[in-house]
Amino acid sequence: MSSNAQPQRNPREAWKIRIYIKNSNPKHVDFVKSVQEVCRENGVRKAAVEIVNVESKLSEVEQKAIIALPMLVRVSPGPVRRILGITQRETLQQSLGFDEKQAAD
């Protein structure tokens, strides 16, 4: 088995995603929509997406060491993945852990 092999994911497994944004930035709001669309397109039926507006939660931003916005954290399924900044759709899909085989299923 290759060390690069992706573990098989159950499409019904609940996903937990946390996205740190600045609500006053329209590009950040568009990023949230892109994340939700990519999850749906790849068969993730259960995705709990928590949106954290950094303007109202400064203490959490400091505590979690948020260094760039928007920042996405895929909490589960593990391993935890962090995506910084706004990425192209294909990059977002790969960063979340979807590969071409899973997208085609």
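**Figure 1. The loop between β3 and β4 holds P77.** The model is predicted; local features need pLDDT of at least 70, side-chain atom pairs count only at pLDDT 80 or more, and totals for chains, interfaces and linings use all residues. Residues are numbered from 1 along each chain as its sequence is written, and side-chain values use heavy atoms, without hydrogens or water. Helices (H or I, at least four residues) and strands (E, at least two) are DSSP runs, numbered from the N terminus. S76 and P77 are joined by a cis peptide bond, with omega about 5°. P79 also has its place in the loop between β3 and β4. The bond from G78 to P79 is cis, with omega near 0°. Most peptide bonds are trans.

**Figure 2. β3 and β4 form a hairpin.** Four residues lie between the two strands. Strands count as paired if DSSP finds at least two bridges between them. β3 and β4 (residues 81-84) run antiparallel, joined by four bridges. R74 stands opposite R81 in β4. R74 also lies over the face of W15, 5.2 Å from the ring centre. For such a placement, NZ of Lys or CZ of Arg must be within 6 Å of the ring centre and within 35 degrees of the ring normal.

**Figure 3. β1 pairs with β3.** Five bridges join β1 to β3 (residues 71-76), and the strands run antiparallel. Y20 stands opposite M71 in β3. In a regular strand, side chains alternate between the two faces of the sheet.

**Figure 4. The largest nonpolar core has 15 residues.** A nonpolar core is a set of buried Ala, Val, Leu, Ile, Met, Phe, Trp, Tyr and Cys residues joined through side-chain atoms within 4.5 Å. I17, I19, V35, L72, L92 and L96 touch the most other members. β1 (15-21), α1 (26-41) and α3 (89-96) each supply at least two residues. The largest share, five residues, comes from α1. Contact means heavy atoms within 4.5 Å. Leaving aside neighbours within four places in sequence, L72 is in contact with I17, R18, I19, F31, V35, R81, R82, I83 and L96. Another core, of seven residues, lies apart from the largest one; among its members are Y20, V52, V54 and V73.

Figure 5. Buried means under 20% relative accessible area, exposed over 50%, and partly exposed in between (1.4 Å probe, protein chains only). N53 lies in strand β2 (residues 47-53). N53 counts as buried because its relative accessibility is 16%. K64 lies in the loop between α2 (58-63) and β3. The relative accessible area of K64 is 38%, so K64 is partly exposed.

**Figure 6. Confidence along the protein chain.** pLDDT is the predictor's confidence in each residue, from 0 to 100. The chain averages 77, and 79% of the residues score at least 70. Among the elements, β1 has the highest mean pLDDT (89) and helix α4 (residues 100-104) the lowest (44). Over residues 1-8, pLDDT stays under 50; the model has five contacts for them beyond four places in sequence. Residues 100-105 also have pLDDT below 50, with six contacts in the model beyond near neighbours in sequence. Where pLDDT is low, the predicted coordinates should not be read in detail.
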